[in-house]
Amino acid sequence: MTYNSSSYTTGMDRTARSEEVCLKFPPEVTSPGLTALLVQKDKLGKLMDYSGPRLHFQMVVIFVLTQIIHSLLKLLGLPLFISQLLAGILMSPVIFSDEHSLVTISEDSVAVLGSVGALGFMFFMFLSGVKMDLRLTWKSGKLAIAIGLFPVLVSLIFWLMTVKTLHPGGNVFSNKIFHLAVTYSGTSFPVIHSLLSELKILNSELGRLGLSAALIGDMVTLVLTMFSVWVNTGIQKGSKDVLFDVGMAMLYVCILVFVLRPGMKWMVKRTPEAGQIKDTCFYIIILAFMISPRFTALFRVYFFYGPFIFGLAVPDGPPLGSALVEKLDPVVSGLLMPIFATTCGMRFDLSYFKYSTKYAYHQAVGAVVTLIIKFGVSLLLPLLCKMPTRDSFALAFIMISKGIVEMGSYSIMNDSRIISEDIFAHLTIVIIIVASVVPIAVKKLYDPSKKYLCFQKRTVMNSRFNQELRMIGCVHVPGNVNSIINLLNASCPTRECPIALDVLHLVKLSGQATPLFIAHHNQQKASSNKSYSDNVVVAFKQFERDNLGAVSVNFFTAVSPWNLMYEDTCNLAMDRLTSFIILPFHRRWYSDGSIESEDQTLRSLNFDILERAPCSVGILVEGRRNIKGSNSKDTLSPSNSSSYAIAVIFLGGEDDREALALAKRFSQDESVSLTVIHLKAVDSLEFFLAEDERMLDKEMLKDIKASVPLTYVEEHVKDGPETSTFLRSIVKDYQLIIVGRRCRTEDAITLGLEEWCEFREIGIIGDLLSSSDFFGNFSLLIVQQQRKRN
């Protein structure tokens, strides 16, 4: 490949000075390959002359170095952002000299890498806007509005006063000073959302408050940033130019609100319900986003917020917002943003501390003072509202968190020569310290699982027999609705033993940043026009009418990430004084033993709820259904039979006693036929159970025999295989089988079965009965009594 070189001379004054610049045409992008370079002495150096291989090599180095650093720092609780930033610092001239241009920020090396990172930051700001729903600002409580507004304004005022004290003759409204002051005091919603997600408290009470306050604070910061740009324009050019810039910015917003957003809503309306957005619509949005920076310059909008404002105009959630997030976010967050964070770290140079000016030190002091003032205001407001002290401190730390948005802002200001290199170095250190301290402090101060450590017993055994049993039924897919209704029909609720059911529809958060919790009985509506649970509400309303006076139903919808749904479930159980939670099993079978559906995220959710639930929990394994296309009736449907055959497999222990208590509630109706099958070890091998446990088992069996009509079967077995053989012979006789989970209890009855246990969350007996070896059209309910926690 031949390269031609040309030179030209430029200069402000040709008689005084001239510069000669050599350029290569065409640029070296793709190498001829290693084979063609084998004859070269410096093979690697020659290969790195081409921008394509150099970019690939830099991406690999960034990924490897980031993962190595994060594997060490995550033990301390530091976020991934810190590892990415440190990787960039290690790749900067602090470690490598300029001659090692493979990974440093020399002009030849960083041109392409920096462009890719900047593109990633644009996508990140755009997706951050897509995920945000501005209508939630009107629904935020007074505390959230106060925490979002006052810390930003008060800390900004204090910093401007500090600047005036340090520089009496300076103009506090200059672009440099006021813009920096806004970045110090401002709040970034994407940064706080990322922090709460990483700490897994996004939909906790504190997390929801922090998100609402961050949303308010981000909007205030956006307005102040635009104000700083306009004020600086007025100082430099005059009031007419300011009015022109403000008018153009308002025109840009009006075009987004009244032209582009209605057009995108029209695309959404043309999408079938539960369908995917058309690819053509998707590409149109991406094209509009790609040209948005040019429009922001045309309409005098600060380019840093151009993609962000455009993202705010996109309808959040499914189908459009979720499609954009699901398709773009993996590439942006997994590939492009790590590159951008690393390039920000590459700009850092410790040598600038040696030659720092007094002004740079003043800026560092100002940044620290602003953070302290903001922390104090964010702490004082919740304390005045009588929030617990530890929670107030955790919230104050959340509100001062800094991250990639501030780092990107300082990097852009550094490249634009708005701030000097020494100021950038000082501010980078401040961000690293704050981003490291905040997650550690929040994790130490706030543990949402502590509120589940209730001392009150919330079990079926401890609920009064003549009072309503408070239950939660969790619904993920339409099939779960029928399963829960059939189970409750089998319980035959009566006016004497009523059931208060709270139906919780759990929906995956997609294309949105803020979790939602909707109480339908309070007529609270979602923040958008989307309807999440209409079909679920209709089905359970009909069930309530069919059991008038015996069943009362309330409806809730939780829209949150899969890995945090346990928070919504446990919070509802705490608030509603629930005694029993019904969870659907993650796998469903056909009658021939083949798997109909399986969801590992649901299995993980069940584990989390079992570990944290403040009450008893039951996992419902549906009866095997006939093969697709055949007409089958539900196992527990009232139309199948006038009598329900329920069996309890009793081995002993607290979970089995809870299963007996639940069966006792179910068997109050004469149409229910209850059988208690007591499995006992031969040769008195009951030494696995403590003496007090055996006494409690005897009392429980004695009580249920005296209170309800039942068939009591006592079977002696010597080991696990014999237990399996016996259970296989009797399961076909029942429509519902209730067993205790007994996950930490071992005895001779289950000896040899544990090594074959596939699903630990339903215990050894539950796993055995749900296996493909046990043919029968029966449903299975695995019960865990409320766990005792210190």
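**Figure 1. Salt bridges in the predicted model.** The structure, a predicted model, holds 18 salt bridges. One of these is the contact of K131 with D329, whose closest N and O atoms are 3.6 Å apart. This pair links distant parts of the chain, with K131 in helix 5 (residues 107-131) and D329 in helix 14 (residues 320-346), 198 residues apart. K131 is buried because its relative accessible area is 18%, under the 20% limit. D329, at 22%, is partly exposed.

**Figure 2. The salt bridge between K327 and D279**. The closest N and O atoms of K327 and D279 are 3.6 Å apart. The two residues are separated by 48 positions and join distant parts of the chain, K327 lying in helix 14 and D279 in helix 12 (residues 279-298). Both partners are partly exposed: the relative accessible area is 42% for K327 and 43% for D279.

**Figure 3. The salt bridge between D697 and R657**. The side chains of these residues meet with an N to O distance of 2.8 Å. D697 belongs to helix 25 (residues 691-707) and R657 to helix 24 (residues 654-666), so that the pair, 40 residues apart, links distant parts of the chain. D697 is buried, with 6% relative accessibility, and R657 is likewise buried at 6%.

**Figure 4. A network of salt bridges.** R587, E598 and E758 are linked in this network. Side chains of opposite charge can pair when their charged atoms come close.

**Figure 5. The largest cavity and its lining**. Five cavities of 30 Å³ or more are found in a search of the whole structure. The largest holds about 180 Å³ of space. Its lining comprises 17 residues, with T221, F304, Y305, V405 and E406 nearest the centre. Helix 8 (175-185), helix 10 (205-236) and helix 18 (404-415) each contribute at least two residues to the lining.

**Figure 6. A nonpolar surface patch**. M250, L251, V253, I255, V257, F258, V259 and L260 make a patch of about 680 Å². Among them, I255 lies in helix 11 (residues 239-269) and is partly exposed, at 30% relative accessibility.

Figure 7. K200 is partly exposed, with 45% relative accessibility.

Technical notes: Residues numbered from 1 in each chain as written. Predicted model: local features only at pLDDT ≥ 70, side-chain atom pairs only at ≥ 80, totals over all residues. Heavy atoms only, no water. 1 Å grid on protein atoms, 1.4 Å probe; cavity = no way out; pocket = protein on both sides within 12 Å on 5 of 7 lines; lining within 4 Å. Points joined across faces, edges and corners; volume = space filled by probe spheres on them. Helix = DSSP H or I, 4+ residues; strand = E, 2+ residues; numbered from the N terminus. Patch = residues over 30% accessible without salt bridge, like charges linked within 9 Å, V, L, I, M, F, W, Y side chains within 5 Å. Areas by Shrake-Rupley, 256 points an atom, 1.4 Å probe, with all protein chains shown as cover. Salt bridge = Lys/Arg side-chain N within 4 Å of Asp/Glu carboxyl O. Buried < 20%, exposed > 50% of the residue type's maximum accessible area, 1.4 Å probe, protein only.
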